Amino acid sequence: MSRTSRTTRTTRTPRSRRRATALLTVPAAVLLALVPSTASAYPNPGTVTGSVVVHDPTMIRDSSGRYLLYATGGGLSYRTSTDRTAFSAGSDAFTSRPGWWSNYGTTEAWAPDISYHGGKYLMYYAVSTFGSNKSAIGLAGSSTGLPGSWSDYGTVYTSTTSSDYNAIDPNLFVDDDGKWWLSFGSWWTGLKMIQIDPSSGKQLSSNTTRYSIASRPTGTKAVEAPYIVKRNGYYYLFASYDTCCAGTSSTYKVKVGRATSVTGPYYDKSGVAMTNNGGTAVLESHGSIIGPGGQSIMNDVDGDLIVYHYYDGNDNGTPKLGINLLNWSTGWPVAY
């Protein structure tokens, strides 16, 4: 039922684009013309080369300007780039996989989320099996962010087969006032959020509330992979809708809503709540670009990026890296 069996993604392990500098000088009116009016008008991913077969990518730029990208599979698969275009593969994040993963029926990890806080790289990630909500979110830390340097800190949050939620697809958001929040979730009753203790990276003991931030109470339950950013006074919740992991049959798409509080309620551009099937499209299938999703948002020197995977219709549905810039001039994110 849930997004998962990363065991079906055998091409990942054997959740960059057109040059942005040229776009920096484009007048705002021209950028507005890039706003898609239909799904077929969504932009193709920018050009990336090299080792670009990935799923659920998360990316960060270190102090030297090098891009570190981690993705679903194995002990969290790794790619790196110096120019955001040419990517090369390296060793997995974990050279020795934590033994507790086997409690959740797996020896691989999914959907990492990398960030840098307090002089340390942090990576939240998920372990589970296909279609199950017996799942756990784990946390690791590193001083360099490089493969082999990660220390695992164990579980952060879990779900069981009797839970009405699924503890996968984590994303850490740190607010302007220093409060930490972790959103997560897949299918079942939708996307959730808990408050995190900055000193431990785990749930804050004085606030054990599990907030609901997005769901699909009617029809399909298919919403997952939350990612939150704050721009221009609003909190924006990005999420992947519908089904992934089926190659060219995938129906994944990225939608967004916004709120004036980090815990919601989030509404789409039409005023529909994200807890009631709402969501404004950011990326959808078009041409050979099938099922874009598993997204993360990264702020780079030239603006915000949406980093995601899609299934290549010209390559038998192989999952590949997509990177586009985001334009916020309308008050809503538009990929270009």
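Visitor: Over how many bridges do β6 and strand β7 pair?
Guide: In this predicted model, strand β7 spans residues 120-127 and runs antiparallel to β6. Within this pairing, His117 stands opposite Lys120 in β7. The number of bridges between β6 and β7 is six.

Visitor: Which strands stand at the edges of the open sheet?
Guide: Four strands make up this open sheet, with antiparallel pairing and the order β6-β7-β8-β9. A strand at the edge has a single partner, so one of its sides is left without a neighbour in the sheet. The strands in this position are β6 (110-117) and β9 (151-159).

Visitor: What does the twist average from one strand to the next?
Guide: The sheet concerned is the open one with the order β6-β7-β8-β9. From one strand to the next, its twist averages 20°.

Visitor: Which side chains does a polar contact of 2.6 Å join to that of Glu224?
Guide: Glu224 lies in strand β15, residues 223-231. With a relative accessible area of 0%, Glu224 is buried. A polar contact of 2.6 Å joins its side chain to that of Ser186, and another contact of 2.6 Å joins it to that of Tyr252.

Technical notes: Residues are numbered from 1 along each chain as its sequence is written. This is a predicted model: local features need pLDDT of at least 70, side-chain atom pairs count only at pLDDT 80 or more; totals for chains, interfaces and linings use all residues. Side-chain values use heavy atoms; hydrogens and water are left out. Two strands pair if DSSP finds at least two bridges between them. Helices (H or I, at least four residues) and strands (E, at least two) are DSSP runs, numbered from the N terminus. Axes are lines fitted to C-alpha atoms, for helices over the stretch in contact, and angles run from 0 to 180 degrees between N-to-C directions. Buried means under 20% relative accessible area, exposed over 50%, partly exposed in between (1.4 Å probe, protein chains only). A polar contact is a pair of N or O atoms within 3.5 Å; within protein, one must be able to donate a hydrogen and the other to accept it, and residues adjacent in sequence count only if both atoms are side-chain atoms.
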